[in-house]
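Trainee: I would like to learn how to read contacts and cores in a model. Please take me through one.

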Amino acid sequence: MLDWAFVSRYAPFFVTGAEMTLFISVFGIALAILTGLVCAAIETARIPVLRQIVRVYIEVSRNTPLLVQLYFLYFGLPKLGFVWSAEMCAIIGLGFLGGSYMSEAMRAGLEAVPQIQRENAYMLGLSSRQTMLHVVIPQAISTSIPGVVANVIFLIKESSVVSAIALADVMYMAKDLIGMYYTTYEALFLLIVTYLIILLPISIIGTWLERRFDYAKR
Amino acid sequence: MQSANILLQPGVMPRLLQGLWVTIWLAAVSVALSVPVGLVTGWLMTLRNPVIRVIMRIYLDFIRIMPQLALLFIAFYGLARAWDWNLDATGACVFVFVLWGGAELGDLVRGALESIPAIQYESSYMLGLSNWQTFTHVILPQAVRRLLPASVNLATRIVKTTSLATLLGVVEVIKVGQQIIDAHRFDYPAGTLWVYGVIFAMYFVVCWPLSMAARYLEKRWANE
């Protein structure tokens with residue numbers, strides 16, 4: 001059914017596409033984690049003004065689609081003088097979208113640490129910095145890791161949208177092959193396989209981490 | 001700021017609103033069809049039959065791991081060739097959103113059903129309620145409270161995902177925006193900023209109340 005000669009001839013296309021997908025995802029996710037950390041810290045520390053700004057950012061980022069965010073960054077903002085390359089837009093877009101999701105996952109982890117842990121730490125004479133560093137954060141990390149990994153998978157999937165601003169990722173390659181040679185089955189087969197190769201290992205690691213940390217809590 | 005006048009040109013805002021209506025309609029149909037699919041899927045997931053279990057597992061995992069855009073491509077380009085099923089772009093979108101929404105909702109239904117302790121069933125039977133009465137009067141009211149907040153969130157996600165329909169050529173709000181931008185390419189070259197800005201705001205205005213409603217329901221029913 002599949003033309004295997006065609007599949008093997010064009011498989012390298014999808015390797016190139018996967019490199020672009022991973023390039024955008026890795027930097028986008030790094031930016032998202034950074035943004036998430038800052039936002040979660042601001043919300044936990046209850047810094048006035050900044051906290052309201054973070055709230056607005058989270059609501060805006062969670063309630064708009066990535067495609068519209070990308071179009072705004074890539075086509076809209078240059079009119080104000082901010083001209084970025086497509087790669088830059090994709091990374092910023094992914095970071096903007098992911099930042100709110102990461103922040104929520106991390107904040108949930110921080111809030112899940114019972115108050116009594118802090119009280120006990122103070123009682124034992126730890127400073128608030130020591131309490132945070134040695135008592136609260138280690139526990140918060142183990143609670144928030146499953147959420148963070150789920151967000152990582154979500155963001156890699158979302159990165160498929162960057163083909164819309166002419167970045168040659170996996171999606172783009174599939175569309176290209178269908179458009180050029182009408183090799184629908186082969187292109188879709190390669191598309192599915194490439195995404196499975198990228199996402200399955202992360203998904204399995206995610207499930208494993210979840211189980212591991214679930215065990216640690218019991 | 002002169003370029004903001006593009007929004008005041010005759011027909012621009014009405015057309016954008018029409019586009020938004022297409023987006024909402026697409027999302028509403030997808031959500032409405034996802035509900036029965038999700039209920040059946042969720043019920044199938046709670047069955048002990050190993051064959052059904054494996055099939056449901058693969059269905060859910062495949063839908064979850066593939067990007068929605070990839071699913072749209074598979075439906076739009078693949079199905080037409082495989083079964084001569086000539087879905088138009090809108091049809092392919094609804095098809096994929098229902099498959100996806102149904103799988104996600106099914107998992108929520110499964111979670112809600114399984115979270116009800118066995119003692120609830122046992123007590124109802126002991127009180128003489130039939131299977132059906134137990135389900136409609138005891139299990140369902142409790143399951144819905146666990147289900148509804150997450151389902152409203154899922155609806156928000158479906159609204160956001162409908163934006164991908166534009167990449168298959170459905171004329172919804174983003175496509176209308178692009179048409180307006182192209183039509184005013186020469187008199188308002190900087191109109192892009194404003195048109196995409198308005199579309200950005202439109203999505204927010206639709207999705208934000210849904211998110212708030214989900215949060216409200218979650219809080220309200222959390223302590224009961």
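Trainee: Which residues does Leu191(A) touch, not counting residues up to four places away in sequence?

Mentor: A contact here means C-beta atoms within 7 Å. In this predicted model, Leu191(A) touches Val170(A) and Ala174(A) in its own chain, and Ala70(B) and Phe73(B) in chain B.

Trainee: Which residues touch the most other members of the largest nonpolar core?

Mentor: In soluble globular proteins, nonpolar side chains tend to be buried together. The largest nonpolar core in this case has 109 residues. Leu70(A), Ala174(A), Leu191(A), Leu72(B), Phe73(B) and Cys93(B) touch the most other members. Helix H4 of chain B, residues 89-114, supplies the largest share of this core, with 13 residues.

Trainee: How many helices and strands are there in chain A?

Mentor: Chain A has eight helices and zero strands. Of its 218 residues, 39% count as buried. Among its contacts between residues at least 6 apart in sequence, 79% join residues at least 24 apart.

Trainee: Which residues of chain A does UniProt list for "transmembrane region"?

Mentor: Such annotations may be inferred rather than shown by experiment. The unreviewed UniProt entry lists residues 20-42, 71-97, 132-154, 161-182 and 188-209 of chain A. Compare two of them with the model. Residues 20-42 of chain A are 100% helix, with end C-alpha atoms 33 Å apart. Residues 161-182 of chain A are 55% helix and 0% strand, with end C-alpha atoms 22 Å apart.

Trainee: Where does UniProt place the feature "domain: ABC transmembrane type-1"?

Mentor: The unreviewed entry places it at residues 18-206 of chain A. Over residues 18-206, chain A is 81% helix and 0% strand.

Definitions and conventions
Residues are numbered from 1 along each chain as its sequence is written. Chains are lettered from A and ligands numbered from 1 in the order in which they are written. This is a predicted model: local features need pLDDT of at least 70, side-chain atom pairs count only at pLDDT 80 or more; totals for chains, interfaces and linings use all residues. Helices (H or I, at least four residues) and strands (E, at least two) are DSSP runs, numbered from the N terminus. A nonpolar core is a set of buried Ala, Val, Leu, Ile, Met, Phe, Trp, Tyr and Cys residues joined through C-beta atoms within 7 Å. A residue is buried if 20 or more other C-beta atoms lie within 10 Å of its own, exposed if 12 or fewer, and partly exposed in between; C-beta atoms are placed from the backbone. Two residues are in contact if their C-beta atoms, placed from the backbone, lie within 7 Å.
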